[in-house]
Every structure is written in C-alpha cells, then in structure tokens.
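Me: Hi! I'm new to this one, could you walk me through it?

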Amino acid sequence: MSEPTTVHDVVGDDFFVELVARFYAGVAEDPVLRPLYPDDLSESVRTLTGFLIQYWGGSTAYSEERGHPRLRMRHAPFVIGPAERDAWFRHMVGSLSALCAERDVDVQIEQQMRQYFEMAAESMRNSD
C-alpha cells in the first residue's frame, strides 16, 4: 500500500463536506457575509466543496463541470473589502480548527490549509 501523497488522500472527501457545511453554517448567521450569498446556499456549498476536494488532490469534477476555477473573476461582482475578507477567513479557519481537532488531523496539514485560506481570502479582496 502506498503512502498518501495529497491532503485529500489523508483526510478524504467527507472532511471537505463537513468543513464546508460548518463554514456555511457560520456564513448563514454572519451579517457581513450573508448578503453576498443567494438565499439558498446549497449551490454555494456544492461548488465550494467540489473546489476544495479538487484543490487538495481529489476528484477533478469541479473543473470538469465549471472549467478553470478563476476564483478572483468569479468573485469580482461582489464588493469584498477587509471586513468581508476577515469574516470569511474567521469562519473558514474556525471550522478548520474545530474539525482538525475532532478528527486528529496532523498539525502540518492544518497549517498548510490555514495558509492557503489566508492567501485565498486576501486574493479575493477587491475593495479597500
């Protein structure tokens, strides 16, 4: 049996499903972020889950369905300033930290993911 080679190999699809579910539970109650999303969050949940699974080494179904992620372009219609960036990051890393603790995920994997989410949050910012 070969050693896992990607984050996805280590944590599996269900980790990302749960991560995104927790993240959007926070978004649903957040007065800064909630206005940026449609009333029904199910499509947002589905696409973010697929993106993260693909990004971290799992199935490429996201790109097969939606093409290149083009994250900055897809988020351009929304005003994302420091408050939105910080709220997004807070919900994502809060969800990540809790889930990693519950599942005893290696701290290096958690740190790698946290660094990615920090970079992603900042790269989506398009307003001061």
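Here is a short chat about the overall fold, the core, the pocket and a few residues.

Reply: Happy to. This is a predicted model, where local features need pLDDT of at least 70, side-chain atom pairs count only at pLDDT 80 or more, and totals for chains, interfaces and linings use all residues. Residues are numbered from 1 along each chain as its sequence is written, and side-chain values use heavy atoms, with hydrogens and water left out.

Me: How many helices and strands are there in the chain?

Reply: The chain has 7 helices and 0 strands. Both are DSSP runs numbered from the N terminus: helices are H or I with at least four residues, strands E with at least two.

Me: And what does the C-alpha trace span?

Reply: About 50 × 30 × 25 Å along its principal axes.

Me: How much of the chain counts as buried?

Reply: Of the 128 residues, 39% do. Buried means under 20% relative accessible area, with a 1.4 Å probe and protein chains only; exposed is over 50%, and partly exposed is in between.

Me: Which residues touch the most other members of the largest nonpolar core?

Reply: In that core of 33 residues, they are F15, F16, L19, L52, W88, M113 and F117. A nonpolar core here is a set of buried Ala, Val, Leu, Ile, Met, Phe, Trp, Tyr and Cys residues joined through side-chain atoms within 4.5 Å. Two or more residues each come from α1, α2 (13-28), α3, α6 and α7, and α6 gives the most, with 8 residues.

Me: What does W88 touch?

Reply: Not counting residues up to four places away in sequence, W88 touches F23, L33, Y37, F117 and A121. Contact means heavy atoms within 4.5 Å.

Me: Switching topic: what is the volume of the largest pocket?

Reply: About 680 Å³. Of the 26 residues that line this pocket, Y24, Y37, L48, H75 and W88 are the closest to its centre. A pocket is an open set of points on a 1 Å grid over the protein atoms alone, where a 1.4 Å probe fits, with protein on both sides within 12 Å along at least five of seven lines; lining residues have an atom within 4 Å of a point. The volume is the space filled by probe spheres set on the points, which are joined across faces, edges and corners.

Me: Which element gives the most to that lining?

Reply: That's α3, with 6 residues.

Me: Is S44 buried or exposed?

Reply: S44 is buried, because its relative accessible area is 13%. S44 lies in helix α3 and touches Y24, Y37 and P38, leaving aside residues up to four places away in sequence.
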